[in-house]
Amino acid sequence: MANTPLNIALVGNPNSGKSSLFNCLTGLNQKVGNFPGVTVDKKTGFANLDGGQTINIIDLPGTYSLYPKRLDEWVSYRVLLEQDSDVKADAYVIVIDASNLKRNLLFCTQIIDLKKPVVIALTMADLAKKKGITINIAELERELGVAVVAVNPRKEKGLKELKRAIEDTVSGKYKVPVRDFINNRALAPEAIAGLKGMLPGTSDYSALHLLINHEGFEFDTATQDRIENIEKANAFNPTKTQATEILERYGRIKHIMQVSVHEPDPLEQTLFTDKLDNVLLHRRWGYLILLGVLFLLFQSVFLLAQYPMDWIDAGFSTLSAWVSSVLPEAWWSDLLVNGLLAGIGGIVVFVPQIMILFGLISLLEDTGYMARISFLTDRLMRSVGLNGKSVMPLISGFACAVPAIMSARSIENRKERLLTILITPLMSCSARLPVYAVLIGLVIPNNHLLGVISIQGLVMMGLYLLGLVVALIVSYIAKWFIHIKEKSFFILELPIYRAPRWSNVLHTMGSKARIFVTDAGKIIMIISLVLWFLSSFGPGKRMEDVEARYAQAKVENLKPAAQLETEYSTAKLENSYAGILGKSIEPAIRPLGYDWKIGISLITSFAAREVFVGTMATLYSVGEDDKEATLLRDKMRAAVRPDGTPVFTLATGLSLMIFYVFAMQCMSTLAITKRETRSWKWPAIQLAYMTALAYGMSWIAYQLFV
């Protein structure tokens, strides 16, 4: 037995502590994919029981009952009804919020009546205690007929007891309750008997659900017709049956609450959460506080990351200078210094900002404030065709548009989901952060208002808000062109305020930094090396002419050696493959204030926006005009046009920043939009409107500040 892993499914209501328990049980032994056939996140991991038995843990999407409404709820429903051929569970751990026991017991008792091996993990007992709720676990076990274990994933308490209960349940020491929680057979006796005769071994409650939702399962046509005939022959009414069942369950749950739970008078106390919500969700002050939180977020990204970024930048500059001094002049040493080291430096220098941004976002999620942002913005969202649930994908878009678009699956209304998908890429994702950082540092003075407020931080916040505001405008316009009529509901459960789990925050910061360095870094490194080649070599005739002119100039000795070297490097770069490509698109981007080097960066960053920085680092290293300038920012600041004017003026810098706010320069985002919408129509619309928006807004910005 110990050699065969067991499949254990985690189920429960949203915000019941299921994800915390999953992370606690599996640690780092987890992976994320998709459930077969559907675009819904599938988190799996493994752990070991005390006896050495390995268990595969599957974290099923949260749901409130066995009557699914959303795509992710259908995933859990199919697994529980054994209608998913790819996901089979040997036992289920039902995660229940002790502070909301009555509501959680509805879903719990439904699963028990499916006659599944079940263990109940009782979470948030500390919150229940604060509310004055006392639960008699032994009595609750007797009433439900299954193992009940109190756990605290945040403090890693109760895990041994939970694993022991899982082992005992799978081995049969805990028997599946023989009696149903309610008399399910009485809800539709003839119809249930008919279906059980057709599918022997089916429990009464499973038969009831097959009658109600058989169209959503992959039965063959003959089976579907037979079930339909059973419904008609017995005048089966799904709506009436469901309503009767829910009422009967809550009647029995009320009895359980009376015998196993002591609750105080709800008017006896007002929790800290309620008092805090009176301030943070205030109809006026709540919005000012929200703006203040966002202001502090972006100020912190600049202020806290400034010193480590400078240290990393200076360290790589020193390393590059030392390596260049000790190695002989050769193509491979140039590749190492100006290709490899320049590319790595362009990646690592932005790790502090990315870690700080994601750490602060993790704090907002962990404390419970992120859900309040959804609540506060629901009215605004509805005015532009969205609803409050759209806020979470939009906020997630500040990290990465790919998982953000996937998270829009939780929006039931198809029109609101499509609008959310279309505008999410306008949120400034983490890939844009390195671009903003280098450009802001280049053209915005590092001054402070009142000695504290960073002007660079204000510009950074302005770029993020610009993307958000324009996204809402686009949604408002687009809602008139998408003709899908569905009723929209916004039901949101506000989690309690909690102290942040610093270990979780640090883990998030580390994992996001690792993902950036490994995933984005691979692309940046490959493109940096390819760019080094394209920037160092060109068509034979052109490069021969450059070499000949340089040799002739050296013989004539009419110019200083340093000036001659600079002109030679510039000529080589302009006649390289990269230079030819950049020169060919320069006429199209010149109205925006861009030169051919920026044009090359725009092309390469279609693979990933952050590649812009690596591209500039490579181009300005290969064609370096100022040998004294070692930092990329200094090299870009020293860059001049043929007429001697600076390349990166305030107008050019702002134009370029705004271009990156709006441009759809992410192939992965287009691919995920196609997958989520199951059509190339919507990715094409995204690419077209965002490109037009980027070009038009950049042109306006350049004309205003030139």
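This is a predicted model: local features need pLDDT of at least 70, side-chain atom pairs count only at pLDDT 80 or more; totals for chains, interfaces and linings use all residues.
In α8, the buried residues are D204, Y205, S206, A207, L208, H209, L210, L211, I212 and N213, where buried means under 20% relative accessible area, exposed over 50% and partly exposed in between (1.4 Å probe, protein chains only). Because 10 of the 10 residues of this helix (residues 204-213) are buried, α8 is largely enclosed by the rest of the structure. Helices here are DSSP runs of H or I with at least four residues, strands are runs of E with at least two, and both are numbered from the N terminus. The buried residues of α8 pack against α2 (71-80), α3 (101-113), α7 (189-198), α9 (221-233) and α10 (238-260); a contact means heavy atoms within 4.5 Å.

Residues are numbered from 1 along each chain as its sequence is written, and side-chain values use heavy atoms, with hydrogens and water left out.

Stepping back to the protein as a whole, the model contains 30 helices and 11 strands. Of its 706 residues, 52% count as buried. Among contacts with a separation of 6 or more, 74% come from residues 24 or more positions apart. The protein exposes about 32600 Å², and carbon and sulfur atoms supply 60% of that area; accessible areas come from the Shrake-Rupley method with a 1.4 Å probe, and for residues only the protein chains shown count as cover.

Salt bridges come next, defined as a side-chain nitrogen of Lys or Arg within 4 Å of a carboxyl oxygen of Asp or Glu. By this rule the count comes to 12 salt bridges. R185 is partly exposed, with a relative accessible area of 33%, whereas D204 counts as buried at 14%.

What do the side chains of R252 and E143 form where they meet? They form a salt bridge, with an N to O distance of 3.3 Å. R252 lies in helix α10 and E143 in helix α5 (residues 137-144), so the pair ties together parts that are 109 residues apart in sequence. R252 is partly exposed at 26% relative accessible area, and E143 counts as buried at 18%. A further salt bridge joins the side chains of D168 and K173 (3.8 Å, N to O). Here D168 is buried, with a relative accessible area of 18%, while K173 counts as exposed at 66%.

The surface also carries patches, which are made of residues with over 30% relative accessible area and no salt bridge; like charges are joined within 9 Å, and nonpolar side chains (Val, Leu, Ile, Met, Phe, Trp, Tyr) within 5 Å. K130, R154, K155 and K157 gather in a patch of positive charge on the surface. K155 sits in the loop between β8 (147-150) and α6 (159-171) and counts as exposed at 57% relative accessibility.

A nonpolar patch on the surface is formed by V469, I473, Y476, I477, W480 and F481, with about 670 Å² of accessible area together. F481 lies in the loop between α20 (455-478) and α21 (502-536), and counts as exposed at 63% relative accessibility. Y476 is also touched by S383, as is K479, not counting residues up to four places away in sequence. S383 is found in helix α15 (residues 369-383) and is partly exposed at 38% relative accessibility. The C-alpha atoms of S383 and S475, 92 residues apart along the chain, are separated by 9.5 Å.

Finally, A651 belongs to helix α28 (residues 650-662) and counts as buried at 2% relative accessibility. A651 touches Y702, F705 and V706, not counting residues up to four places away in sequence. Its C-alpha atom is separated by 7.7 Å from that of Q703, 52 residues apart along the chain.

Notes
Lys and Arg count as positive and Asp and Glu as negative; His and the chain ends are not counted. The place of a charge is taken as NZ of Lys, CZ of Arg, CG of Asp or CD of Glu.
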